[in-house]
Amino acid sequence: MTRFGWAKSAKLKRALHLVGGMMALASLYFVGQRLYQYRHDIDLDLLTTSLTVILLALGGVIAAANVFLALAWHTLLRHQQINVSRRWSVVTYGVSQLAKYVPGNIAHLAGRQVLAVAAGLPGWQLAKVMAVELGIQAIAASVFAVLIVPVVWPALPVWAALLGWVGAVAVMGWGAGRFNRALTQALIWNWLFLLSSAAVFVAILVGLMPQGLSFTLIIAAGSSFIVAWLIGFVTPGAPAGVGVREVVLLALLGSYLPEQPLLLAVVLARLVTLGGDIVYFSIAGIAVLQQRNDATT
């Protein structure tokens, strides 16, 4: 590379890093706004010490579950012959993911693209990976719609819905494997993320319900959460699906569960998810700072 070309490339990388930093700051601002808005939705008298400890632990589960999404992205990057380390993928995903709370619901995708291009990766291939990733996330979540059939049509027993779900997952995984092994791996990582997120919501709901939940309601609550996540995911402009998911959850489960604990569970699940995202972002940010310190020493 010529001296002029090197200088131009260095300036571009600095500009891209600056853009990435500004998006991170914007993400923190909108996350702060979201936390401020939630202050009126939670009755602090209901947050016992044990429940608070459980919620903090569940925030850690969400932070860890986000790594599944990063690993799915890493799998797709490697499939496109973009040879990056697993650690780089997990850190980059974590640094950019908090931007999903910025209005528009695309800032986290743009931020990740900016960070990857700044690292010298090919923009066009990254765009293709992004398109495939979004498609896989939607497909992975859509299969859980089978499980909410007993919610909208109670005549169908829950065991029949479970059998249908297992069959759909098996067929989808087999079909993806026949077409491309990387797609199967990405699907599995996304399913692990969705199952972890749904388990967190169900755990919160069980903790708030005086009589607990039956197996049928546990399946209904978990699958409804994932379907609500999917609808929020595909709704244009909704930052991280905020608002959309809550409305869908209340519509699906409002006829089966008491209103007060359901409303509180929905709010606490969003708060726990937000907390987990912040934890993941913070750990990834520390890793980035550590990398820069190591590079300068």
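Trp-73, Leu-109, Arg-112, Gln-113, Ala-116, Leu-126, Met-130 and Glu-133 line the second largest cavity, a cavity being a set of points on a 1 Å grid over the protein atoms alone where a 1.4 Å probe fits but cannot get out, with lining residues having an atom within 4 Å of a point. This is a predicted model, in which local features need pLDDT of at least 70 and side-chain atom pairs count only at pLDDT 80 or more, while totals for chains, interfaces and linings use all residues. Residues are numbered from 1 along each chain as its sequence is written, and side-chain values use heavy atoms, with hydrogens and water left out.

The elements giving two or more residues to this lining are α4 (107–118) and α5 (123–142), and the largest share, four residues, comes from α4. By class, the lining of the second largest cavity has five nonpolar, one polar and two charged residues. Its volume is about 50 Å³.

Trp-73, one of the lining residues, also belongs to the contact between α2 and α3. The axes of helix α2 (residues 49–79) and helix α3 (residues 86–97) come within 9 Å and cross at roughly 125°; the two helices are therefore oblique to each other, since angles under 35 degrees count as roughly parallel, over 145 as roughly antiparallel, 65 to 115 as roughly perpendicular and the rest as oblique. The contact, meaning heavy atoms within 4.5 Å, is made on the α2 side by residues including Val-67, Leu-69 and Trp-73, and on the α3 side by residues including Arg-86, Trp-88 and Tyr-93. The residues of this contact divide into nine nonpolar, four polar and one charged.

Notes:
Axes are lines fitted to C-alpha atoms, for helices over the stretch in contact, and angles run from 0 to 180 degrees between N-to-C directions. Ala, Val, Leu, Ile, Met, Phe, Trp, Tyr, Cys and Pro count as nonpolar, Asp, Glu, Lys and Arg as charged, and the others, Gly among them, as polar. On a 1 Å grid over the protein atoms alone, a cavity is a set of points where a 1.4 Å probe fits but cannot get out, and a pocket is an open set with protein on both sides within 12 Å along at least five of seven lines; lining residues have an atom within 4 Å of a point. Grid points are joined across faces, edges and corners, and a volume is the space filled by probe spheres set on the points.
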